[in-house]
Amino acid sequence: MSLALWVERLTLTNFRSYVSASVSTDARPQVIVGANGSGKTNLLEALSLLSPGTGLRRVPFVDLARAGGDGSFAVAAHAHTLAGPADIGTGLAAGAGSGARADGRSGRIVRIDGAAQSGSGVLADYLEIVWVTPAMDGLFTGPASERRRFLDRLILCFDHSYRTIAGRFERAMTSRNRLLSDGVRDNAQLSGFEQVMAETGVAVAAARLEAVAAMAAIVEKRRARDPNSAFPWSSFRLAGTIEDDLKRLSAIEAEDAYAQVLRETRERDRAAGRTLDGPHRSDLIVEHGPKALEARQCSTGEQKALLLGLVLAHAELLTERQEGAAPILLLDEITAHLDVHRRAALFAEILRLGAQAWMTGTDADAFSALRENARFWGVEEGKITPLP
C-alpha cells in the first residue's frame, strides 16, 4: 500500500471563531458545509498551519487568536505524514503578541510529538498541503506579485531550501535599497550586497524555470491522458530578464550580467526608491492552451478551470515525487463558478489522486456526487458536527 498523507484528528483551541473544537475522521475527502461566516474557512486555515509559513490567509499570528481570549491559540493534529504517524502542534502563547515584530509574525510555537522545534520549516518534512481560496480567483488578472507568490509556493513543496535562498535575496536587496536611500555611494558596500543579490537572484530564477519545466511536463502528461478534460491544459512561461539570460548563458555568466546591471542602475534605483531589475519583477504568463488565449483574457469560469488545472497538475507532480503520497488539498468555496460537469470532474480527480481534500461550501447538494466517497460535516457558530 502506498504512503498516504492525511489528518486523522484535528483539535482547535481559541482559534479564530472556535473556543474549542475537535474533528476525528478518515483519509477520504472531507466536506465542510455551513453558512457564510460560520467558520468554514477558519477550519481550513488551521489545517494550513500544519505546513511552513503563515497559512492560507497570510495574516499576523496574533490575528488568529480568538477575540476575547487571552491572545493564545493552539492547533493540534494527529496526522499520517511523510515520516509516519505524528502529533503536530502549533500555536501562540498568551502574551506572545506583545513581543512580536511589527508584522506580528514572530512567536509561533511548533512541536512534533511533544518536542519543540526551531521554526515552522520543519513541517515540510511531514506534510505537503496545497490550497485554493476565493482570493486566488483573480490570480491571472491581479498583480504579478500574486503569480510569483503562487509559483514560489509550488517550488517550496519540492525544494525546501528555496525559502532560504529567496530570503537572502530579499534581505540583500533591502540593504542595498537602504544604502541608496541614505545617499551612500561607497562601491565596496554596494557591491557586497549586489553580489549576494546576483548569486541568490539567479538561483531563484533557475528554481522557477525548473519548476515551470516540471509543471509543463506534467500538464502535457495530463493532456495526453485526457485531452477533453474539464480543466483545460495551459501553457506558461516566465517573463524576466534573468530568466531570459539563463536560456543562453551559464549561471555564472548570468550572475555577472545581473551584478553589472545592478552597478549600472544605482542612480536610477536611487531615484526610484527601489530596485527595478531582478527576480522580484518577473511574471508568470499563463495561456489557455486550447484557445491560445492569455488567461487574463478568459472568462471567470475559464480562469477558475485553468487555476484548478494548474493546482491539480501540481498535486499530481507532488504525488509522483512522493512515491504516491498525494498532498492534502484545502479547497475553500471550491464549487463557486463551477458547473455540474466541472464539479463532477474535480471530485473524480481528487478520488483518482487519493488525496484527503478538505472542501467547504454553503450547499451540501453541490457535493452530492461525493455522497458515497466523503465525510460530511456541518459548521455553525464555532461548532463542528457530523452530517448524515
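**Notes on the predicted model**

1. L329 stands opposite A357 in β13. Strands here count as paired if DSSP finds at least two bridges between them. Helices (H or I, at least four residues) and strands (E, at least two) are DSSP runs, numbered from the N terminus.

2. This is a predicted model, in which local features need pLDDT of at least 70 and side-chain atom pairs count only at pLDDT 80 or more, while totals for chains, interfaces and linings use all residues. Residues are numbered from 1 along each chain as its sequence is written, and side-chain values use heavy atoms, with hydrogens and water left out.

3. Strand β3 (residues 30-33) is also parallel to β13, with 4 bridges between them. Here I32 has T360 of β13 as its bridge partner.

4. Is β13 buried or exposed? In strand β13 (residues 357-361), 5 of the 5 residues are buried, so the strand is largely enclosed by the rest of the structure. Buried means under 20% relative accessible area, exposed over 50%, and partly exposed in between (1.4 Å probe, protein chains only). Both faces are covered: A357, M359 and G361 are buried on one side, W358 and T360 on the other.

5. The open sheet has 6 strands in the order β8-β12-β13-β3-β14-β15, and its pairing is mixed. Its edge strands, each pairing on one side only, are β8 (129-132) and β15 (383-386). On average, neighbouring strands are turned by 20 degrees against each other, direction ignored. At one end of the order, strand β14 (residues 375-380) and β15 run antiparallel, joined by 4 bridges; E380 has K383 in β15 as its bridge partner.

6. Helix α1 (residues 40-48) lies across β3, β8, β12, β13, β14 and β15, and runs at about 160 degrees to β13. Axes are lines fitted to C-alpha atoms, for helices over the stretch in contact, and angles run from 0 to 180 degrees between N-to-C directions. Contact means heavy atoms within 4.5 Å.

7. A further set of strands involves β10. Strand β10 (residues 283-288) has 5 of its 6 residues buried, so it is largely enclosed by the rest of the structure. Strand β9 (residues 234-239) pairs with β10 in the antiparallel sense over 6 bridges, and S234 has H288 as its partner in β10. H288 also stands opposite L293 in β11. β10 and β11 form a hairpin with 4 residues between them, and A292 in the turn has a positive phi of about 50 degrees.

8. The axes of helix α3 (residues 162-181) and helix α4 (residues 187-225) come within 8 Å and cross at roughly 145 degrees. By class, their contact has 15 nonpolar, 4 polar and 4 charged residues. Ala, Val, Leu, Ile, Met, Phe, Trp, Tyr, Cys and Pro count as nonpolar, Asp, Glu, Lys and Arg as charged, and the others, Gly among them, as polar.

9. R270 lies in helix α7 (residues 266-272) and is buried, with a relative accessible area of 16%. Leaving aside neighbours within four places in sequence, R270 is in contact with L179, L180, G183, V184 and R185.

10. How many disulfides are there? The count is 0, a disulfide being a pair of cysteine sulfur atoms within 2.5 Å. C157 is buried at 10% relative accessible area, and C298 is buried at 8%.
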